[in-house]
Amino acid sequence: MVRPFDVSLDLKAIAMTPNAPPREPVSRRINSALRKVPAWPLYILALIYPAWLFYQAVTGTLGIDPVKELEHTIGLRGLQVLIATLCVTPLRKYTGVNLIRYRRALGLIGFWFIFLHLNVWLFLDVRNVSLILADLVKRPYIIIGMVAFALLVPLALTSNTLSIRKLGRNWRRLHWLAYPATVLGALHFVILVKGWQVEPLVYFAIVLAVLATRISIKRLALRRSG
Amino acid sequence: MRFKSELKYSEVTPRAAYLNRRQIMAAAAGTGLLAATPAFAQEKVDVSFNGFDTSEKPNSFEEITNYNNFYEFGTGKEDPAANAGQLTTDPWSVEIGGLVDKPGTYDLADVIGGKDIDERIYRFRCVEGWSMVIPWNGFELNQLLAQVGVQPSAKYVRFETLYRPDEMPGQRRAILDWPYVEGLRLDEAMNPLTLMATGLYGEDLPKQNGAPLRLVVPWKYGFKSIKSIVKIDLTAEEPVNTWKDANFREYGFYSNVNPTVNHPRWSQAQERRIGGGVFAKPQETLMFNGYGDWVADMYAGMDLTKFF
């Protein structure tokens, strides 16, 4: 029986046509299509998106508690973008899809969102110097979040071609810090909620899974060279 | 001696007006955007009470019914409003037992019947650090306890929320050890502030706020005010409340609002009043949420850092 929209049938017919050229792997087709897509629009989106969130918060369309909504949304987006940044290398290793051209933009945008998240906490949420200082030394989730942010600062500052050239192989060593920073970011999310909620645990598991792919790749590489 | 206002909410604020309040606030916030606001400041609160009612302006019906912690319907603040519609609240009965003279399964009508339904504008402080002002309707718990007859050996009251995973999707996951349990010491339960709420803003209690019957204990963190109650027991032993059971280092039995005893993970010194908009300053949290005149005596001599 032929179902409507049965594309597999069509593909088979094409593949079996005599003299059809050998089909390119999907990853290569994706890569060549992406060659025409520049990275700069990502930076523009990264400016528009928080501005739009802030506009909603000010006009009262961001829910009943706009400060928390703003703080949580931009923080979560930061974590998501940082995870995406870490996925670039495993994605290339396992699927051949190469997004390396967007990695700098992704990393910087992740940092930018986390920077905004921190500022919402400081200037719209707590707004009290003594409480902020007390939180910074006493509250584990604040400490963990701040350490994660601190780890990201040198990475953001050296996310430019000049720094890559100057730092040489140290650049790669330095930027390995993206892993502990993201793990701590996800941990910050897990321990700030009440009880064992599902969503933060899912993010934490994803970060650990991405980390696991990097560790196994490194081990495999060592074994091959050794 | 109890003050009772002759005014009903419907006379003070027409429904359309309080529903519209947020849009007006939004416009005000928009125009206030250019005004310089000092970033670091804490709002001092000057609360006065008229009878049991706080002088502060109540939150809008929309705010009170769309920003809820009711994990039985999901952990998001909007989840209860989205998911509570499926809850069957009629028929409803409450099983009252333990150390009482007249134990039994009471129909809701028998629980509410014969009580003075009061209107109370209470301050509400969540353990998470936000607060509201809520105009409840309800009766004092002591009236229900008088009806069923408390035996002399009873020292505590234990409450239980409905367990019905078919209608309460949050209960299908072990976020907490369901059903939700809360408790009060008998003197706390007898305090005239302690309300069994049956409505808010003069309307039947919305399902996301704990229909058809919930506890309201305004000097304690919000999680003590257990919702959708199906079981009440008078006991000799201190009941284990759900949040204490989940994490005894973070949540105690008493859970009195106390700005000097911090939650291990965050400060309780200040709170964000819902409805103030994005630029509103946090305000100071008051001891016993401002209800010290009614309740402080009950804790005289107790170490509140130990019995938090």
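This is a predicted model: local features need pLDDT of at least 70, side-chain atom pairs count only at pLDDT 80 or more; totals for chains, interfaces and linings use all residues.
**Entry 1**

Residues 87-243 of chain B are 13% helix and 37% strand. The end C-alpha atoms of this stretch lie 23 Å apart.

**Entry 2: where chain B meets chain A**

Next I turned to the interface. How many residues of chain B are in contact with chain A? I found 40, and they meet 35 residues of chain A. The size of an interface is often given as the accessible area lost when the parts come together. For chain B and chain A I noted a buried area of about 3000 Å². Carbon and sulfur atoms give 57% of that area.

I looked up the polar side as well. There are 13 residue pairs in polar contact across the interface of chain B and chain A, with both residues at pLDDT 80 or more. Three elements of chain B give two or more residues each to the side that touches chain A: α3 (21-31), α4 (61-66) and β13 (270-273). The largest share, 4 residues, comes from α3(B). By class, I recorded 20 nonpolar, 11 polar and 9 charged residues on this side of chain B.

**Entry 3: salt bridges**

Side chains of opposite charge can pair when their charged atoms come close. I found 22 salt bridges over all chains. Between chain B and chain A the count is 3. One salt bridge joins Glu128(B) to Lys194(A), at 3.5 Å from N to O.

I then checked pairs within chain B. Glu160(B) and Arg158(B) form a salt bridge, with their closest N and O atoms 2.8 Å apart. Glu160(B) counts as buried because its relative accessibility is 16%, while Arg158(B) is partly exposed at 23%. Asp187(B) and Arg185(B) also pair, at 2.8 Å. Here Arg185(B) is buried at 13%, and Asp187(B) is partly exposed at 33%.

Lys244(B) pairs with Glu238(B) at 3.6 Å. Lys244(B) is partly exposed at 27%, and Glu238(B) is partly exposed at 33%. I also noted a network of salt bridges with shared partners: Asp65(A), Lys68(A), Glu71(A), Asp125(A) and Arg272(B).

**Entry 4: Ser163(A)**

Last, I picked one residue of chain A. Ser163(A) sits in helix α8, residues 161-167. Is Ser163(A) buried or exposed? Its relative accessible area is 14%, under the 20% cut-off, so Ser163(A) is buried. Its side chain makes a polar contact with the side chain of Asn160(A), at 2.8 Å. Leaving out residues up to four places away in sequence, Ser163(A) touches Leu157(A), Thr158(A), Gly168(A) and Trp171(A).

How values were computed. Residues are numbered from 1 along each chain as its sequence is written. Chains are lettered from A and ligands numbered from 1 in the order in which they are written. Side-chain values use heavy atoms; hydrogens and water are left out. Buried means under 20% relative accessible area, exposed over 50%, partly exposed in between (1.4 Å probe, protein chains only). A polar contact is a pair of N or O atoms within 3.5 Å; within protein, one must be able to donate a hydrogen and the other to accept it, and residues adjacent in sequence count only if both atoms are side-chain atoms. Contact means heavy atoms within 4.5 Å. Buried area is the accessible area (1.4 Å probe) that two parts lose on being put together, summed over both. A salt bridge is a side-chain nitrogen of Lys or Arg within 4 Å of a carboxyl oxygen of Asp or Glu. Ala, Val, Leu, Ile, Met, Phe, Trp, Tyr, Cys and Pro count as nonpolar, Asp, Glu, Lys and Arg as charged, and the others, Gly among them, as polar.
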